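User: I'm new to this one. Please walk me through it, starting wherever you like.

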Amino acid sequence: MMPVFQKDPCGFFCIFMTYGAVLYADYVVVRWIVMQTMSTTLWGSLHVLLFNIIIFMLFMSHARAVFSDPGIVPLPKHRIDFSDSHSEGGSIAPKEDWTICTRCEMYRPPRAHHCRICKHCIRRMDHHCPWINNCVGEKNQKYFIQFLVYVGLLSAYAIALVAWSWYSECEDCPKDIRLKQSRILHSILLIMESVLFGMFVIAIACDQFEAIFTDETLVEQAKKQGPFRPRKPRLALLAEVCGRGHPIMWFFPCHSGDKFAVEPLMNYNV
């Protein structure tokens with residue numbers, strides 16, 4: 001699979017903002033919470049280890065969401081000739097439920113939509129997300145959801161560590177008033193950042209799971225195209241997105257079994 005990367009200024013800004021916020025959270029937790037209040041206990045080392053494991057998983061899932069092909073429908077060798085597309089000698093759709101994309105000038109499979117930023121038709125496109133500078137589609141929705149989950153976990157973990165550092169008494173903490181003021185300031189900023197990002201990703205994650213369980217992407221909801229497909233169990237719908245491997249693999253940013261089969265794009269002549 002060839003990596004993709006969109007040259008979108010808004011996407012660049014959101015990616016840098018994401019990485020900056022996560023690295024700042026790591027700095028505050030290690031420098032101003034653990035080293036100041038838990039430096040003499042094994043709990044401090046354990047919290048640093050767990051916190052950075054979550055960060056590693058967050059970065060891996062984010063990178064997979066950014067650079068993975070979201071499900072781009074490849075352009076055919078011959079474009080559609082719209083001058084005679086309705087005549088006897090015009091183009092014939094590979095299948096009855098395929099539609100025409102006037103921007104790409106080609107037929108596209110069901111549930112594929114055109115993204116004006118990526119300038120491609122994307123299979124099962126949900127939306128274009130500037131936070132991953134990519135579309136959320138058939139092939140990278142799993143990594144996008146993992147990214148949301150790990151950001152939520154990291155935010156909750158950071159808030160819990162700050163709350164514990166304020167609640168527990170620390171006899172070995174530095175008595176310097178400047179260090180105390182710096183720790184309080186960084187802790188408040190971390191709390192604000194964690195609450196903001198935590199609420200944001202929870203809202204997006206709820207939309208994602210609703211789209212999965214209703215079998216209707218956000219684009220289809222906006223266009224009121226409706227889920228005109230047979231109802232499936234929720235676990236089966238999750239497996240279509242996350243892979244048909246063991247459910248424990250759904251939490252790791254790696255391939256977890258073949259996803260639901262899709263027909264290869266058929267060649268057609270004009």
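User: Where is leucine 189 found?
Analyst: Leucine 189 is found in helix H4. Helices here are DSSP runs of H or I with at least four residues, strands are runs of E with at least two, and both are numbered from the N terminus. This is a predicted model, so local features need pLDDT of at least 70 and side-chain atom pairs count only at pLDDT 80 or more, while totals for chains, interfaces and linings use all residues. Residues are numbered from 1 along each chain as its sequence is written, and side-chain values use heavy atoms, with hydrogens and water left out.

User: Is leucine 189 buried, exposed or partly exposed?
Analyst: Leucine 189 has a relative accessible area of 38%, so it is partly exposed. Buried means under 20% relative accessible area, exposed means over 50%, and partly exposed is in between, with a 1.4 Å probe and protein chains only.

User: Which nonpolar patch residues sit on the surface along with Leu189?
Analyst: Trp166, Ile184, Leu185, Ile188 and Met192 form the nonpolar patch with Leu189, and together they have about 590 Å² of accessible area. Patch residues have over 30% relative accessible area and no salt bridge; nonpolar side chains (Val, Leu, Ile, Met, Phe, Trp, Tyr) are joined within 5 Å, and like charges within 9 Å. The areas come from the Shrake-Rupley method with a 1.4 Å probe, and for residues only the protein chains shown count as cover.

User: Which helix gives the most to the nonpolar patch?
Analyst: Helix H4, residues 177-213, with five residues.

User: Zooming out, how many helices and strands are there?
Analyst: Six helices and six strands. From the N terminus on, the elements run α-α-β-β-β-β-β-β-α-α-α-α.

User: And how much of the protein is buried residues?
Analyst: Of the 270 residues, 45% are buried.

User: Now the helix packing. At what angle do H2 and H3 pack?
Analyst: Helix H2 (residues 42-67) and helix H3 (residues 141-167) pack at about 155°, and their axes are 8 Å apart. Axes are lines fitted to C-alpha atoms, for helices over the stretch in contact, and angles run from 0 to 180 degrees between N-to-C directions.

User: Are H2 and H3 parallel or antiparallel, then?
Analyst: H2 and H3 are roughly antiparallel to each other. Under 35 degrees counts as roughly parallel, over 145 as roughly antiparallel, 65 to 115 as roughly perpendicular, and the rest as oblique.

User: What about H1 and H3?
Analyst: Helix H1 (residues 9-37) packs on H3 at an angle of about 25°, with the axes 11 Å apart, so H1 and H3 are roughly parallel. The crossing of H1 and H3 is left-handed, and H2 also passes H3 in a left-handed crossing. Left-handed means that the near helix is turned anticlockwise from the far one by less than a right angle; clockwise would be right-handed.

User: Switching to charges: how many salt bridges are found?
Analyst: Six in the whole structure. A salt bridge is a side-chain nitrogen of Lys or Arg within 4 Å of a carboxyl oxygen of Asp or Glu.

User: Which residue does aspartate 69 form a salt bridge with?
Analyst: Lysine 139, with the closest N and O atoms 3.9 Å apart. Aspartate 69 is in the loop between H2 and strand E1 (99-101) and lysine 139 is in the loop between strand E6 (134-136) and H3, so the pair ties together parts 70 residues apart in sequence. Aspartate 69 is buried at 13% relative accessibility, whereas lysine 139 is partly exposed at 34%.

User: And what is the partner of aspartate 215?
Analyst: Aspartate 215 forms a salt bridge with arginine 111, the closest N and O atoms being 3.1 Å apart. Aspartate 215 lies in the loop between H4 and helix H5 (218-222) and arginine 111 in the loop between strand E2 (106-108) and E3, so this pair links parts of the chain 104 residues apart. Aspartate 215 is buried at 7%, and arginine 111 is buried at 19%.

User: How far apart are the closest N and O atoms of glutamate 240 and lysine 232?
Analyst: They are 2.4 Å apart, in a salt bridge. Salt bridges that share partners join Arg111, Arg124, Asp215, Glu220, Lys232 and Glu240 into one network.

User: Last topic: what is the phi of arginine 124?
Analyst: About 50°, a positive value although arginine 124 is not a glycine. Most residues other than glycine have a negative phi. Arginine 124 sits in the loop between E4 and strand E5 (127-129) and is buried, at 7% relative accessible area. Lysine 119 also has a positive phi, near 60°, but lysine 119 is exposed at 59%.
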